Amino acid sequence: MLSSTTQHRVVVVDDSRTVQAMLDHAFSTRPDFHVVGFAGDATSAVEMIRRLKPDIVTIDLCMASLEGAALLEMLSDLPALCKIVVSDSSVSNIRLTSTLMASGAAACIAKQELVTDPASFFKKIKTAAHQIASLKAQHSGPNHLSRESLSASANVAVEEPIAAFPIPADEAARVDFVIGHGLADARRERRFDLVTKHVATVTRFPACLLTVIDRDTQWIKSAYGLEIQSTPRNQAFCNFTISEREIFVVPDAMSDKRFCSNDWVTGAPNIRSYVGYPVFNAIGVAIASLCVIDIRARTVSSRVIDQLAGLSAIVAEMIDQQTARAA
């Protein structure tokens, strides 16, 4: 639905007149965007979008009359429309972001970024719009551009996945330590939550986890950007981190035969990239993993690795102090 002109036609959906004005002003300063309408509720939004046929619609996630996620469903028959969710809630929660993307959102962007980094804000919108336009060009028309084709476009052919997960050489000592010191549960601790929030912030990954694995379960000791308490061990990327005892990087899980059929990759939260660093106890056993994840494939910089290495050492100190007091 991208216009033949150089401008992207935009409809803004938000029940706040203040936010509408902010977006209108921001778009008006960009020659490649033109706001053609505003809507403050779902009914008028759907009518306006179908009548004006814009290239892009920005959607507030939390509106009094209707959640933005529900509006995405109402517009599901318009897959060639570039739908952008503008909300801090979705950006800070990778599972919610994944759900919105599966419902048809082309991108989820933080409202705050409009003020703090407008160049990045509009770059993300243009990138999403161009991706939708490219997908449309690959099909014979809008009716052939399905939600499934949008999702499949990010996938590549891969080999058959490897079913088994690696077992660390010191598995017995690792499991004894984890269970013996009461780490095999999902009890949350503020000190760990502060670490995962800090790591996500400084690495600019949407989610960070501190995980502990016992014989058959991965326990989430802390999570920022993802609401989860545990997973079956056979779904845990962190198996590889604690087994390899060093930084473990997965730039694109869909093209990696070890993870392409993983439930966390094929379904919510739709992990694409993962970076994990082991947490060692005082005698050198890898007892936990500090990791960051994203729903998009990405190249991992040395800065991200350095941050994970440094903070994993701090987490190790925290655990050692806790187990020493309990002894």
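Me: How many aromatic pairs are there by the ring-centre rule?
Reply: The model is a predicted one. Rings are paired here if their centres lie within 6.5 Å. By this rule the count comes to ten aromatic pairs.

Me: What is the geometry of the aromatic pair formed by Phe 121 and Phe 122?
Reply: The centres of Phe 121 and Phe 122 are 5.3 Å apart, and 80 degrees separate their planes. Planes over 60 degrees apart count as edge-to-face. Both residues, Phe 121 and Phe 122, are buried. The pair is therefore classed as edge-to-face.

Me: Which charged residue lies over the face of Phe 240?
Reply: Phe 240 belongs to a cluster linked by ring pairs, together with Phe 237, Phe 248, Phe 259 and Tyr 274. At 5.5 Å from the ring centre of Phe 240, the residue over its face is Arg 258.

Me: How far from the ring centre of Phe 205 is the charged end of Arg 298?
Reply: The charged end of Arg 298 sits over the ring of Phe 205. Its distance from the ring centre is 3.7 Å.

Me: Which element gives the most residues to the largest nonpolar core?
Reply: The largest nonpolar core has 26 residues, and Val 199, Val 279, Leu 290, Val 292 and Ile 319 touch the most other members. Elements giving two or more residues to this core include helix H10 (190–203), strand E11 (286–294) and helix H13 (302–326). With seven residues, the element that gives the most is H13.

Me: How many residues are in the other core, which has Trp 264 among them?
Reply: This core lies apart from the largest one. Its members include Ile 220, Ala 236, Trp 264 and Ile 293. The count is 25 residues.

Definitions and conventions: Residues numbered from 1 in each chain as written. Predicted model: local features only at pLDDT ≥ 70, side-chain atom pairs only at ≥ 80, totals over all residues. Heavy atoms only, no water. Phe/Tyr/Trp six-rings, centres within 6.5 Å; stacked < 30°, edge-to-face > 60°. Buried < 20%, exposed > 50% of the residue type's maximum accessible area, 1.4 Å probe, protein only. Lys NZ or Arg CZ within 6 Å of the ring centre and 35° of its normal. Core = buried A, V, L, I, M, F, W, Y, C linked by side-chain atoms within 4.5 Å. Helix = DSSP H or I, 4+ residues; strand = E, 2+ residues; numbered from the N terminus.
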